[in-house]
Amino acid sequence: MQFHHHGYVSADPRVQPAAGTGIDRPAELPDEVDVLIVGSGPAGMLLAAQLSQYPGVLTRIIERRDGRLALGQADGIQPRSVETFQAFGFAERIVAEAYNIGWMNFWGPDPQNPGSIVRRSRTADYAYDISEFPHLIVNQARVLDYFAEAAAHGPARIAPDYGIEFVGLTVHEGEDRPVEVRVRHVGGERAGEERTVRAAYVVGCDGARSGVRAAIGRVHVGDISQHAWGVMDVLVETDFPDWRIKCAINAEAGNILHIPREGGYLSRIYVDLGAVADDDDHRVRQTPVEEIIRRANEILHPYTLDVKSVAWHSVYEVGHRVTDGFDDALDGGRQPRVFLTGDACHTHSAKAGQGMNVSMQDGFNLGWKLGSVLSGLSPASLLSTYTAERRPVAQQLIEFDKEWSTLMARKPEEISDPADLATYYLATAEFPSGFMTTYAEGTGVVAGTAHQHLAPGFPVGKRFKSAPVTLAADGNVVHLGHHASADGRWRLYAFADRDGLADDSPLARFAAWLADDPDSPVRRHTPADADIDAVFDAKVIYQQGFDDIDVTRTPAVFRPHSGALALTDWEKVFAAAPHRWNETDIFEARGLSRDGVVVVVRPDQYVAAVLPLDATDELTDFFARWMLPVG
């Protein structure tokens, strides 16, 4: 973490100085805003945390509840989400309180006594095979707390306006703030009072029964399967030996997905309630918790559960739905003004642990785009890429969840190979981890793949997969991707050629162009009154060892002066050569060309382009499409 560049800081450095709209932020919801977020779930709170880094943008978030969420339904945190938490500054703290899924065990009928269950197999969880981050279980409420902290501590000082519900909206044409939003106070002295707020953009993060979705004429497309599950968070006494290990349990009496939770005692159990009759009319949702507990004991035989406390429980029918569009541009005739995220635009079963994770990535994708457009850095056309990028991800999620839900709900006689569930769990690990998402040229904010061979370990359109490097200034080993926060900036990673330290090397020529040429994106798109790295965070990674590098002799663009005191930033120059504290050579680990390569990474951590060091025209053209020149 870097601080003190604006002067000495003696308090919590995570609390950034207030700026812009964060200075003297009014307690009352204003009549006019730039962005109105409806709902403070995972997507909404991440969006608020991201937009808090844009203090020139007036953002407010309304929530019908009268305060913070006390008990969240979602709890599965995939490695990609922890990677995202790292960018927002709280990964280490939430990992410390979460449950880490290290293993998954699979139970089935005892061949000698089919009425009882036995452990069939045990597999290590997939997380550390494909990421440096773990697979966690933690209450959704705590995730929201951390994002709320990030939003409140950002320069814009964003905090939810509780006790206000969305009523409806109308989009008018040709106005600066064309979205007329009707809201209502739901508690206190002002209960029942309605008012109107004008917004430039509205984001519906208001769940599966989204009022925003209905207001813009979007509809869910899909169905509800004829299968129901009871779910409960419980504190129990039990003789089941794997109570603190994630388990998929298949028995003659039904199925259970068992997930230990944070704190060492709490567990979540998804209990198979069986097929639902066509004429049930959702009556299964009234199944009492006592019946869910009875079913759980029946499935776990010969083991027993003595439930001491039920923290939360519910019954749901598996549904798989994707909204027909994620914004209000119904006919494509105008730029969107209203967006949908999370459950407002995709719903599915909870057993794959994807709802909160995919929702947060919706918010991350949209947040920097709204910030860039409203800050004057990018054209409004950038916002059309939100639906184009995120709706295919939602559709992939539905297909994955259908397969997983079907496998989980099988009866023993329908299983030909007892190991196939474990095989599927590991074989598909990249998707539930959050790492399969790929944005495509033509529909997304990414370039082509003509130069992909220069960096096969950084696929264009996929998230930037970090690796250890050494900070040249002090010899400390850091993860390159962790050295980038969710501050709205683009990352330009210049991986130097073999002779990169020479004054006339390809790396040196690229750096000089980046710093001085009028066609350089740094020069074309960085406001004149801003720090040179305010929009583009340029870093260099040399092939040599850190003790071979004199940071004071590296190109000036990698030694920018930051803050009011214009202090040199010493943390943009890295070394790749292995040493006693770091055995990884990032060039080897990611297949990087020894002739040098530039990797462009978006503010939401996705690789936007891979280019040779001399492909400056291509770099200029890419940013000219998505960014506006400064005046």
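**Notebook: loops, rings and domains**

I began with Arg157, which counts as partly exposed at 22% relative accessibility (buried means under 20% relative accessible area, exposed over 50%, and partly exposed in between, with a 1.4 Å probe and protein chains only). I note that this is a predicted model, in which local features need pLDDT of at least 70 and side-chain atom pairs count only at pLDDT 80 or more, while totals for chains, interfaces and linings use all residues. Residues are numbered from 1 along each chain as its sequence is written, and side-chain values use heavy atoms, with hydrogens and water left out.

**Backbone entries**

I looked up the phi of Arg157 and found it near 55°, a positive value in a residue other than glycine. I placed Arg157 in the loop between helix H5 (140–153) and strand E8 (160–162); helices (H or I, at least four residues) and strands (E, at least two) are DSSP runs, numbered from the N terminus. Ala566, also not a glycine, has a positive phi of about 55°, and I found Ala566 in the loop between strand E23 (561–562) and strand E24 (567–568).

I then turned to the peptide bond from His301 to Pro302, which is cis with omega near 20°; Pro302 lies in the loop between helix H7 (289–300) and strand E16 (305–323).

For helix H1 (residues 42–51) I checked burial residue by residue: ten of the ten are buried, so this helix is largely enclosed by the rest of the structure. Among the buried residues of H1 I list Met45, Leu46, Leu47 and Gln50.

**Ring entries**

Trp368 and Trp490 form an edge-to-face pair, 5.5 Å centre to centre with 85° between the planes. Because Trp368 lies in helix H8 (residues 355–374) and Trp490 in strand E21 (residues 490–495), the pair ties together parts that are 122 residues apart in sequence. I found both Trp368 and Trp490 buried.

I also noted one aromatic cluster formed by Phe85, Phe88, Phe90, Tyr146, Phe147 and Phe364.

For charges over rings I required NZ of Lys or CZ of Arg within 6 Å of the ring centre and within 35 degrees of the ring normal. The charged end of Arg463 sits over the ring of Phe435, 3.7 Å from its centre, and that of Arg337 over the ring of Tyr201, at 4.7 Å.

**Domain entries**

The domain assignment, whose bounds come from an automatic or database source, gives domain 1 (33–71 + 140–221 + 321–428), domain 2 (99–137 + 224–319) and domain 3 (452–625). I find the C-alpha centres of domain 1 and domain 3 to be 32 Å apart, with eleven residues of domain 1 in contact with 13 residues of domain 3 (contact means heavy atoms within 4.5 Å). These two domains bury about 890 Å² between them, 56% of it on carbon and sulfur atoms; buried area is the accessible area (1.4 Å probe) that two parts lose on being put together, summed over both. In domain 1, Phe364, Trp368 and Leu377 lose the most area to domain 3, together 55% of what that side buries.

Note on methods:
Phe/Tyr/Trp six-rings, centres within 6.5 Å; stacked < 30°, edge-to-face > 60°.
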